[in-house]
Amino acid sequence: MPTVRSVIDAGLTHLSGGRFVMGAEDRRRDERPAHSVRIAPFRAAERPITNAQYAEFVKCVGAAPPPFWSQDGFRIPGAPVVGVSWHDAVAYCTWLSEQTGIHVRLPTEAEREFAARGGLDGADWPQATQDWPEDAIRAEVAAAEHPHIPLDACRNGFGLYCMADNVHEWCSDWYDRSFYAASPEFAPTGPQAGTRRASRGGSWRHRIKFTRVSARSSLSPAYRYNDYGFRVYADAE
C-alpha cells in the first residue's frame, strides 16, 4: 500500500523527551528568555516529506499540486516538497493518519527544537562543533539553488536529517515573539491564537543556508513559499 510505504520511508524515530533548555539568552529577542521545558516522549520523521510522498497524497485526494512543481529543481522525487501551506501540511497529516492508523501531526516548537538539538543541550548547531555550517562536506548545501535530497553530512545526533538546513518546516504552534516569557514548563503548545504559524529550520533560498537550532521563524498559514515544507511527528508508541 503506497501510503504505508510513506510512513516507513519517513523513518519515525523514537525520541525520549525530557527536560531541556529551550531558546538562547544571548541570541534574538524572540529566543529569550531561555527557559526550562519538559516534554513527553515522541517520534519524529528522519526526513522532511518528499515530493514523491506528497504526490501520493495529491493523487489520492485530488489535491492541488504544489505551485513550484512546474520548475525542474522543485520536483526532485527525494527532495523535500515545498510550496505547501500550513493548512496543506495539516491535511496531509490527517490523510496519512487515516490511511495508516498511525496518528501523525506537525510538531510543537518545543518538540522541533528538542529534535533539532540532537541531544546537545545549549548548542547552536545539530553537531558539537561551532564550524558545523562551514564544513567542506556541506559545500553542496551552501551552493544549493533549490531543496536538496538530505545528505548524511546534515544528520544530527538523533539520526534526523536537515534540522538546520534545506527548508523551513511548519510547526503546530501559533507564533508569538514574546511567548517564551509566559511559556508553561510542561509540553508548551504556543499561544491560543495568532496570525502566523511558527516554523523552524534553515532555508536553501537564504544567503546563509544554515539556521541555529533555537532560531524561530513564522509565516501566515495560508502562504505557500518555495522554501517551506514539513515533516511528520507522532506521539510515542
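**Exercise 1.** Find out in which sense strand S6 and S9 pair, and over how many bridges.

*Solution.* Start with S6, which covers residues 168-174. Strands here are DSSP runs of E with at least two residues, and helices are runs of H or I with at least four, numbered from the N terminus. Two strands pair if DSSP finds at least two bridges between them. S6 and S9 make 2 bridges, and the sense is parallel. For a spot to look at, go to histidine 168, which stands opposite tyrosine 228 in S9. Now zoom out: the open sheet has 4 strands in the order S8-S7-S6-S9, with mixed pairing. At its edges sit S8 (217-219) and S9 (228-229), each pairing on one side only.

A quick word on the ground rules: this is a predicted model, where local features need pLDDT of at least 70 and side-chain atom pairs count only at pLDDT 80 or more, while totals for chains, interfaces and linings use all residues. Residues are numbered from 1 along each chain as its sequence is written, and side-chain values use heavy atoms, with hydrogens and water left out.

**Exercise 2.** Work out which side chains of strand S1 are buried.

*Solution.* Buried means under 20% relative accessible area, exposed over 50%, and partly exposed in between (1.4 Å probe, protein chains only). In a regular strand the side chains alternate between the two faces of the sheet. Along S1 (residues 12-15), Thr13 and Leu15 point to one face and are buried. Next, look for the partner: S1 pairs with strand S4 (residues 42-45) in the antiparallel sense, over 4 bridges. Leucine 15 has phenylalanine 42 in S4 as its bridge partner.

**Exercise 3.** Decide why the rings of tyrosine 225 and tyrosine 228 count as an edge-to-face pair.

*Solution.* Rings of Phe, Tyr and Trp (its six-membered ring) pair if their centres lie within 6.5 Å; planes under 30 degrees apart are stacked, over 60 edge-to-face, and the rest tilted. These two centres are 6.2 Å apart and the planes stand at 85°, so the pair is edge-to-face. By the ring rule, the count comes to 17 aromatic pairs.

**Exercise 4.** Name the residues that ring pairs link into a cluster.

*Solution.* Follow the ring pairs through Tyr54, Phe57, Trp69, Tyr92, Trp95 and Phe230. Then turn to helix H2 (residues 51-61), where Tyr54 and Phe57 are among the buried residues.
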